[in-house]
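Visitor: Could you walk me through this one? I'd like to start with the terms and then go on to the details.

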Amino acid sequence: MKDGRLDPESDVALLRRFEPVMRFTKGERFYPLDVEPYVRACGLWVHRAGGQEEAVVPRGKLTLENLGRQPEDGPGAVHYLRFTEPRDIRELYSRGSGSSLKRGRRVIEDLRSARKNFRVGRGRLARVGYVSRFADALYSVALLARGRVPGESAYAASVAYGRITSERDHYNYHGRVLRQDGWLVLQYWLFYPFNDWRSGFFGANDHEADWEKVMVFLSQSEGGEVRPEWTAYAAHEYTGDNLRRRWDDPELEKVGEHPVVHVAAGSHASFYSPGEYLTELELNFPAPIARTADRMRRFWRRTLRQYAGEAAAPDRDGAPGSFVIPFVDYARGDGLSVGPGGDREWDPPRLIGDPVPDWVSGYRGLWGLYTRDPFKGEDAPAGPMYDRGGGPDRAWYDPVGWAGLDKVPAPTEELGVVLGRRAEVAARRARLRAEIEEKGRELRGLGVEVAALQGRSDVGGAYEVRKSRLGALAVEVNRVREREAADATVLETLDVYAGRLRAGEREPARAHISRAHTPASDVELHTSRVAEVWAAVSVSLALICLVAIIVFEREHLMVALVASIAVFAFVEAGFKGRLTRLVSSVNVGLAVVAALILAYEFFWQMVILGVLTLGLYVLWDNLRELRR
Amino acid sequence: MVFEAVGLASLAAYHVYLRAGWPRMELVAELRRSFETLAAGGAFVAAAILAAVGAMGFLFMRRRGWLPAALAQTLGLGTCVALYADLEPVFVYPVMGYCIVMVLYLNSRDVRTVFHPGREPGDDTGGGA
């Protein structure tokens with residue numbers, strides 16, 4: 001980078017200096033690939049608003065050059081690439097000979113053996129409650145109805161991927177260097193030909209093509225020296241402060257100057273530490289229900305002063321008013337590692353320079369199969385620059401904001417920013433003091449006028465008018481004084497902060513993190529086998545019980561339903577060691593029902609008793625006061 | 001096909017059950033009534049035992065006293081609500097009133113702090129399997 005402009009040679013050198021080390025999980029089949037051979041292996045299709053599908057460029061004719069130069073296709077049309085086609089899948093299972101078939105079968109065998117290497121973690125469903133398990137079951141059932149990637153696509157993609165890598169393994173990233181808000185940003189765009197999270201690793205979705213990114217944020221001294229300050233790894237749709245780690249954060253593992261990324265199997269989400277991550281798809285209750293639940297909770301805890309220990313730690317089933325569908329990201333880092341010091345080295349990167357190449361800026365379509373999934377999870381993603389709707393992607397146009405760094409000045413600029421801010425606040429404070437002086441004078445003048453006019457009968461409404469203005473002015477002066485006092489405090493703290501910066505002190509490395517995504521603990525991973533089995537069968541068993549009760553116990557429907565729910569709840573609470581909490585909740589529920597019954601049966605008696613009790617209490621309290 | 005076979009066999013058994021009329025409906029109804037009576041009585045006895053155990057726990061300030069006391073309220077209230085729905089006996093009302101007061105007492109912050117000091121929600125060991 002020279003004079004703020006891109007310089008390809010030095011940019012590539014910079015990218016290579018901090019390129020990540022990617023540690024994959026055993027069982028992973030798709031690794032970061034250059035887009036060029038992938039695009040060559042694809043056909044370009046268009047899905048028109050009317051529902052027609054048409055091949056725009058057949059497989060074999062598509063190149064990076066002509067990908068971005070496609071004619072517009074009217075509103076509602078979706079362009080997409082097809083990496084696998086139905087005939088690939090048919091070929092996989094057709095009988096016959098031929099080298100391609102043999103190769104295809106070998107790839108399938110490889111895929112099967114890779115999946116055998118993968119060991120499923122414990123406790124995906126055991127870690128959440130019934131509602132979430134039920135939602136998970138519905139989600140799986142919904143997959144049958146909504147658009148999705150065909151079941152054998154992972155095999156077909158594996159064959160096609162095998163074709164690309166048959167001569168030589170390719171491990172590539174696409175690098176971009178840019179400057180934003182005082183930061184020098186290195187973007188490592190990683191392209192995977194397929195995401196087999198659902199079919200391979202019990203995850204949420206499968207889709208052709210997968211774009212992931214890793215970013216390194218550098219500061220640059222006046223002498224041109226660069227220093228790594230932060231990293232940010234993409235994981236699903238997360239953005240903001242929790243995504244980034246400071247270079248000196250102990251959680252950030254490094255090989256020399258290369259940050260280590262632990263890649264989740266199938267989903268290719270990136271994590272800092274190896275482990276199994278519970279990724280939760282959070283669904284909120286409708287707002288009125290959530291509000292009512294919140295009001296009741298507050299009444300219980302504040303008005304009735306009931307036990308509030310559970311409020312301190314949110315329920316692991318999500319925030320109040322929501323429930324979650326759990327999926328596990330297996331980012332164990334026990335498989336192939338790619339990058340400096342790893343099992344494989346990176347090939348020379350493909351630079352996304354200036355001007356931005358057509359395949360990035362000109363092609364707004366999807367990079368793989370368009371399944372028309374209403375939840376979008378099974379649709380392929382768009383390229384680095386765009387989201388699935390064709391709009392600009394924040395990680396591309398505002399990487400600093402994407403990582404939550406937009407409020408953090410680069411270290412080389414931080415002291416200047418602090419001093420500049422101090423000067424602004426000091427100037428504002430001076431203005432406020434002048435205002436206080438002026439308005440104070442006015443206030444005192446009005447005060448003596450009001451004092452002089454008070455009690456005189458010959459001044460008409462002058463007294464009232466001045467008194468009213470005096471009150472309003474007093475409030476205004478008080479408000480300005482408060483602002484001035486607040487500015488004085490800010491100035492003081494800015495001075496202290498500037499002093500700390502001059503002394504070379506920094507904030508704690510993890511001060512910005514409010515909710516770090518952490519791998520499951522040993523306790524969570526060692527769920528007992530019985531609890532696992534219970535978690536797996538409980539939802540189905542509950543549904544069967546429900547049907548059995550409706551069929552055989554219609555006479556005592558409510559009692560049978562309540563009894564069966566109680567049994568399920570107690571078994572679950574026993575497994576999770578939450579019996580105390582359950583008993584409390586059940587007691588509260590029963591007490592509310594019993595109170596309603598009593599109110600229904602003895603309403604007036606209760607009113608009379610209440611009034612009598614109140615009267616006696618007041619009498620007792622007053623008499624006690626008299627005795628003192 | 002296996003499911004179909006099991007389903008058809010079940011249907012056949014059900015058909016025989018309907019035709020033969022066995023066991024007699026009166027007998028089933030009588031057994032059910034007896035079971036319900038026994039269940040309600042048993043629940044009250046269990047609640048009484050748990051309440052006694054809870055009282056001992058409170059008397060000697062044993063931390064495990066809270067759970068049996070709370071379970072006694074669960075059983076007491078649950079049985080009363082079930083009986084109210086079915087027979088509406090008069091004695092359920094005072095029991096309900098007393099249990100409500102006990103639930104509020106057992107859940108009050110002071111009592112919970114004494115019996116579960118510094119406990120996190122997930123640390124509950126009562127009855128854990």
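Guide: A residue is called buried if 20 or more other C-beta atoms lie within 10 Å of its own, exposed if 12 or fewer do, and partly exposed in between, with C-beta atoms placed from the backbone. This is a predicted model, in which local features need pLDDT of at least 70 and side-chain atom pairs count only at pLDDT 80 or more, while totals for chains, interfaces and linings use all residues. Residues are numbered from 1 along each chain as its sequence is written, and chains are lettered from A and ligands numbered from 1 in the order in which they are written.

Visitor: OK, so is Asp181(A) buried, exposed or partly exposed?

Guide: Asp181(A) is partly exposed, because 17 other C-beta atoms lie within 10 Å. Its phi is near 50°, a positive value in a residue other than glycine, and Asp181(A) lies in the loop between strand S5 (174–180) and S6 of chain A; helices (H or I, at least four residues) and strands (E, at least two) are DSSP runs, numbered from the N terminus.

Visitor: And His268(A), what is its phi?

Guide: Phi of His268(A) is near 65°, again positive in a residue other than glycine. His268(A) sits in the loop between strand S11 (258–263) and strand S12 (270–271) of chain A, and it counts as buried because it has 28 C-beta neighbours inside 10 Å.

Visitor: Where is the cis peptide bond?

Guide: It joins Asp354(A) and Pro355(A), with omega about 5°, and Pro355(A) is placed in the loop between strand S16 (350–351) and helix H11 (358–361) of chain A.

Visitor: Switching topic, which residues touch the most other members of the largest nonpolar core?

Guide: Leu186(A) and Tyr233(A) do, in a core of 93 residues, where a nonpolar core means a set of buried Ala, Val, Leu, Ile, Met, Phe, Trp, Tyr and Cys residues joined through C-beta atoms within 7 Å. Strand S6 (residues 183–195) of chain A gives the largest share of this core, 10 residues. A second, separate core of 27 residues includes Val583(A), Trp66(B), Ala72(B) and Leu77(B).

Visitor: How do H19(A) and H3(B) cross, left-handed or right-handed?

Guide: The crossing is left-handed, a term for a near helix turned anticlockwise from the far one by less than a right angle, clockwise being right-handed. The axes of helix H19 (residues 579–601) of chain A and helix H3 (residues 66–86) of chain B come within 9 Å and cross at roughly 35°; axes are lines fitted to C-alpha atoms, for helices over the stretch in contact, and angles run from 0 to 180 degrees between N-to-C directions.

Visitor: What about chain B as a whole, how many helices are there?

Guide: Chain B has 5 helices and 0 strands, and 23% of its 129 residues count as buried. Its mean pLDDT is 73, with 60% of its residues at 70 or more, pLDDT being the predictor's confidence in each residue, from 0 to 100. Among the elements of chain B, helix H1 (residues 2–20) has the lowest mean pLDDT (60) and helix H4 (residues 92–107) the highest (88). Where pLDDT is low, the predicted coordinates should not be read in detail.

Visitor: Last one, why does Phe115(B) count as buried?

Guide: Phe115(B) counts as buried because it has 21 C-beta neighbours inside 10 Å, and it lies in helix H5 (residues 109–115) of chain B.
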